[in-house]
Amino acid sequence: DGIQVSLILFCFSPIILTTSTFIDDTNYLTTLSKQPSFLCSVLSVKEILTLTKPTFEKLFRDSGSVGASIGVLRHRQQYFLNVGAKGLGVPALPDQETVYLISSMSKPIISTAMGILMDDFPKYQLKFDTPVSTILPELKGSPGILKIYTNQELTIADLLDLRSSFQWLTNLWESPDGDIPWQTIDPVVSLLQHLPANDTYTSEKAFVYKRNYSNECFALLTTIIERKIGYSWAEFVRKEVLEPLRMHNTFVGLTEAERNDMSKTFAKSHSVQVTGILFNLQQCTDADGVISRTKVAECFDRHYGHIPQSVEIPPSQDSSAGHAGPSPLAAAVGITSTTSDLLKFYSKIMDVYNQRREERDSKLLLYPDYLNTPPERGINYLFGHIENRLSPNPLNSTCTYTSGWNTVTVPMTPEERNALPRLRWPGADGDNARRLESAIQSKIHGDDLDYSFFVTKPESYVADINAETEKPPLTDPSESKKHLALYHGGNMVGATSFCWLLPDHETAIVVLCNTRGFLLDAANLSGMLLAECLYLAESNAHHNTGSVVDAIKRACEDTKKMARAIQIDYLYDLARYENLLELRFRNLDPASNGRDIAGLEGRYELTNDVFITITAEQRGLILRLYGTGYGYLLRELREDKNPSEQTGSEKTMTFAQPIAELIPTGVGGTNRLKVEDFVIVFKRAKAGSIEWEGFEWNFARDKTLRERRGDANPYVWRRVKEKGA
């Protein structure tokens, strides 16, 4: 059924809709001069979309994506391109008013809300350097809010910039079926009080090119907002951010009534199966029985066109309101919106940025005339912080996370790109950033891939025979002008997304997709390609059209090659994961160790608010986070893999699942392809005892040395006496 729909899906021709006039709502009219000071593009946006459209189609088709919407804002004009369908069995194109889950692209909206609060310091008494514990006193003295690299407490700025020393907590709340067990901030507070600080980031310099990505930072921001305003953070975002910008199709916590509103069009949620090729992948081994990347590539090419199968799944509960309103995690990953609404938001961000540029050399008033609305004032306040984070060399290719945004200055020089520590590619985010870099290093594509987006270098070009003088090469390496770019990706159960802002070029791009396909993040790659092509056309407006068209075609070809390499890389990791899971673990045999299985049942607590239940069911021994939702089947370590298993003092198991069970429910990315991340080790209460005291699960991938923790292991889940409570 999924394959049939996919075939029907891409018989549609994507529609390019051009709004030929300026945004007509006076609240959104730019304050910039009507004539930009820089050169116009040698190609129109519509011509660029026409050139890149076949590549977008291929990326979304190859990834198994069901449908997507692309929006472009360029010099106050909007352009929309839509591909595929709103959902399986819904043979209609999405459009610019189709509502998608935007996942982590929610963060810039929440950052704007925080900017609004901090801008009104007399009322709210908040600044970037305000310690978090002054608003959340229950965290005072908690080890989790200590910044190892400064030995100081976490501040508001640290939350916005993802510069905490938090442990990795996502595996404690991201459920394969989209369920969100954390409906209050209590589990986050409880974990920060219990866990040691992460000592991975030992200096401020470590954050120049990296971030300690933690959705819990933004969950804490919702509690800070509520403590200061006295009512729901979601209502504050609606009233102070969304309504002034007239983002009427953007929702913070969807109620059932809103989701069933027939006047709105909500994209359905989808995942992607690759199980049809899995058996073949597991046979791609060398003489030593090790998975061979070369053989995986050959297998991919043989089965190309028949690998991804789309599956409709329930929408993530991140986007739902729930009985008590949206979960605090919704601030990080749960807002839903449209391409049209998001371009309104990004237009305002670029307006404020460009006004600041114009006034930089003049005496800037505390509240300039153009800051008429709360969003404008909040955005302006955030830009002051962003500029400080980029100094003292704002024209270098700084790549850092600040105020809810990934930031980078482009273009990079080859020397900057190749320097260590390695910068991530401009625009590459999340899983896609890791996979893109891995694919480049793997050389599976050979040496003919010149993936150099936003990197300056001489290019071959066709001379203009009508020109009196020869033109310089495209992206002239002598060009020293740098441009600040803001970007973000999004990736949650049932959806992927991407946005890119180049404010001084008055350019914004947004890509929303109704599918989370781990084979390939088509939304991110498509957005990066479009950003590069728009930049090429505008930066080289003095060249002949033919040379720019050729450069765009090369960029499209390079993207397709990179997409192939990323897909092969994912399938290679997947085959290794499946083989390792089969090699090291086996299904439990109730007949041979039934007593042990029964003895493992019960409730295991890490803290009062964070617990796991284990029950014996028909399928076997089932682990559930918080006793509800998705049931993970436990598998035991093969006895020959751990000598301590022979003594009976320990029992090693895993709730890592075969990918065939995870992907249909929406989970299956890099963070799930590590068997060791889901290994738990049960320990007896004492030697010779038949009672199991608890188990150790290092869910945080913590590398902190055990001796630094003292005697108490913070990753032990202790069994409570009330069995199954």
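Start by selecting Asn212, which sits in the loop between helix 6 (186-194) and helix 7 (215-229). Helices here are DSSP runs of H or I with at least four residues, strands are runs of E with at least two, and both are numbered from the N terminus. The model is predicted: local features need pLDDT of at least 70, side-chain atom pairs count only at pLDDT 80 or more, and totals for chains, interfaces and linings use all residues. Residues are numbered from 1 along each chain as its sequence is written, and side-chain values use heavy atoms, leaving out hydrogens and water.

**Stop 1: around Asn212**

Is Asn212 buried or exposed? Asn212 is buried, with a relative accessible area of 9%. Buried means under 20%, exposed over 50%, and partly exposed in between (1.4 Å probe, protein chains only). Now show Phe166. The side chain of Asn212 reaches the backbone oxygen of Phe166 at 3.1 Å. Beyond its neighbours within four places in sequence, Asn212 also has contacts with Leu162, Ser164, Ser165, Asn198, Tyr201 and Phe207, among others. Contact means heavy atoms within 4.5 Å.

**Stop 2: helix 14**

Select residues 374-390. Helix 14 has 17 residues and reaches 25 Å from its first C-alpha to its last, close to the 24 Å expected at 1.5 Å a residue. That expected span is 1.5 Å times one less than the number of residues. Helix 14 is mostly covered, with twelve of its 17 residues buried. Among them are Pro374, Ile379, Phe383 and Leu390.

**Stop 3**

Ten of them form an open, antiparallel sheet in the order 17-22-23-24-25-26-18-19-20-21. The edges are strand 17 (585-587) and strand 21 (632-633), each pairing on one side only. Two strands pair if DSSP finds at least two bridges between them.

Zoom in on strand 19 (residues 610-617) and strand 20 (residues 620-625). They pair in the antiparallel sense over six bridges. Look for Ile614, which stands opposite Leu623 in strand 20. Then bring in helix 18 (residues 545-584). Helix 18 packs on the sheet, touching strand 17, strand 22 (635-637) and strand 23 (650-654).

**Stop 3: the cysteines**

How many disulfides does a search of the whole structure find? The search finds zero. A disulfide is a pair of cysteine sulfur atoms within 2.5 Å. Select Cys533: the nearest cysteine sulfur, that of Cys556, is 5.0 Å away. Cys533 is buried at 0% relative accessibility. Finish at Cys513, which is buried at 1%.

Key:
A polar contact is a pair of N or O atoms within 3.5 Å; within protein, one must be able to donate a hydrogen and the other to accept it, and residues adjacent in sequence count only if both atoms are side-chain atoms. Axes are lines fitted to C-alpha atoms, for helices over the stretch in contact, and angles run from 0 to 180 degrees between N-to-C directions.
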